[in-house]
Amino acid sequence: MSGPAGPGLDEVFAHVDANRQGFVERLAGWVRVPSVSATGQGMPGAAGHARDLVAAAGLEATIVETAGWPLVLGHRAGPPGAPTVLVYGHYDVQPPDPLDAWTSPPFEPEVRDGRLYGRGGADNKGQHLAQLLAVESLLATRGELPCTVKVLLDGEEEIGSPHLAGMVGVERERLAADLVVWSDGPVDPGGGWRLVFGVRGVASFELRARGANRSLHSGNWGGVVPNPLWTLVHLLATMRDRDGRITVDGFADDVEPLGPAEREALARLPVDVAAVKAELGLAELDAPVERGFAERLAAWPTLTINGLHGGYGGQGTQTVLPSAAVAKCDARLVHAQRAADVYGKLEAHVRRHAPGVELVRQGSMEPSRTPMRSPFTGPIRAGMAAAQGAEPLLVPTLGGSLPVHVFTGVLGLPTFGIPLGNPDQANHAPNENLDLERFHTGIKTAAAVLTKLGSFRPAGSGTMAG
Ligand SMILES: [Zn+2]
């Protein structure tokens, strides 16, 4: 007879419980290995440690060189006919600065109050390690995996994954799968577990305006020499109106509205708007005021001025007429916008409204959306509920960006996010930490999701990808 967790899960859950301490030590060992892609600290040696972890879980592991930091791949075949799951994570971490703001040193992990503190503990070492330990626990209790499992650990996620799309294209055969699962970022701010179907994209750029060839006296030259700060202020005002509409021609042409299942899921997300406003010290949310909170993050693109720079910013006054000005901006994109297309529309807008201003393209990431009606949604939800004790919240699209378009776009695979981190994980900040209860439940979650996917067969299909 099966126990309360469902067929085949009680044993693996018991194994995870029995190995709790050892698994935390494995996590501490991984956090102890610096892997800062931005500065190179600990790289590329960390790829070797990542490969060893993948191998220790029972997968065949390889390091794949790129023009940047290497990728680590893993593979282990499951029973014929079962789906192939590609697990994505990243072994690189953010720089730990400022060091003096850490209570314990970033690469000397310490457990305090049930949390492991250290750079990368949550983002993303604890989260992909939970996936690997699930594989290891399934093999330890059953001797085989319920699905074919492939693993891809990125070494450049924290610097925008510049070589990932190219490598995934080259390694298309080796990465062939039926679906992708990633674990990164936090659970819902209220603490509920969530299943994520998409992310917004981002396109960063700078607008550069020039005036005279040097800064000048605002009395001797004011009214004669044009001011590049005014040029930018006027240009920016033509790009978004007071009602929050982006007024760049064609900007939102490719936005695909959410379907009924997605809209219904958004409506169920628990958000206390009054509490959010109070916490942020805001009287109003951004325009348009009537738009739903979750809908703002999931369904709409944005155009944000990150900074406007030029002229004098010091104490008192300096009556200067600046020679140059820069606006740093980003656009958050939603399915099915494409960064190159949006850049083209922004450039056309700038040519028309301020031909002397230069738009410089910076980093971008495409948006991604997997339809909630995917046949894999059911088994994944069932696995999460079995491990977590409650139905997960369904999030059609996260406000932030991750390089998962590589999987939905380049490989054409449905892609699911199962974040395991606590909302106050302080990723990218000092005192990054992972709640070990979440790590522990995360291992069970990954094992249960693979188990439920393993007993799933899509209607009318023969063999699935190898
Ligand atoms: Zn990160």
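**View 1. Glu206, Arg208 and Lys328 are tied together in a network of salt bridges.** A salt bridge here is a side-chain nitrogen of Lys or Arg within 4 Å of a carboxyl oxygen of Asp or Glu. This is a predicted model, where local features need pLDDT of at least 70, side-chain atom pairs count only at pLDDT 80 or more, and totals for chains, interfaces and linings use all residues. Residues are numbered from 1 along each chain as its sequence is written, and side-chain values use heavy atoms, with hydrogens and water left out. Look at arginine 208 and glutamate 206: their closest N and O atoms are 2.8 Å apart. Glutamate 206 has a relative accessible area of 8%, so it is buried, while arginine 208, at 29%, counts as partly exposed. (Buried means under 20% relative accessible area, exposed over 50%, and partly exposed in between, with a 1.4 Å probe and protein chains only.)

**View 2. Arginine 119 and glutamate 432 form a salt bridge, 2.7 Å from N to O.** This pair links distant parts of the chain, 313 residues apart. Arginine 119 sits in the loop between S5 and helix H4 (121–142), and glutamate 432 in the loop between strand S18 (415–417) and S19. Those labels follow DSSP runs, numbered from the N terminus: helices are H or I with at least four residues, strands are E with at least two. Both partners are buried. Another one joins the side chains of aspartate 241 and arginine 245, at 3.1 Å from N to O; aspartate 241 counts as partly exposed, at 22% relative accessibility.

**View 3. Three strands make an open, antiparallel sheet in the order S4-S5-S19.** Strand S4 (110–112) and strand S19 (433–435) are the edges, each pairing on one side only. From one strand to the next, the twist averages 25°. Two strands pair if DSSP finds at least two bridges between them, and S4 is joined to strand S5 (residues 115–117) by 3. In that pairing, valine 111 has leucine 116 as its bridge partner in S5. Helix H2 (residues 20–31) lies across S4, S5 and S19, at about 20° to S5. Angles like this run from 0 to 180 degrees between N-to-C directions, with axes fitted to C-alpha atoms, for helices over the stretch in contact; contact means heavy atoms within 4.5 Å.

**View 4. Strand S6 (residues 148–154) is largely enclosed by the rest of the structure, as 7 of its 7 residues are buried.** Both of its faces are covered, with Thr148, Lys150, Leu152 and Asp154 on one side and Val149, Val151 and Leu153 on the other. Strand S2 (residues 71–76) runs antiparallel to S6, joined by 5 bridges, and histidine 75 stands opposite lysine 150. Strand S3 (residues 84–90) runs parallel to S6, with 7 bridges; there, valine 85 is partnered with valine 149.

**View 5. Aspartate 188 sits in the loop between strand S7 (179–182) and strand S8 (194–196).** At 7% relative accessibility, this residue counts as buried. Leaving out residues up to four places away in sequence, aspartate 188 touches Arg194, Pro270, Leu393 and Pro423. Valine 271 is 83 residues away in sequence, yet the two C-alpha atoms are 9.7 Å apart in space.
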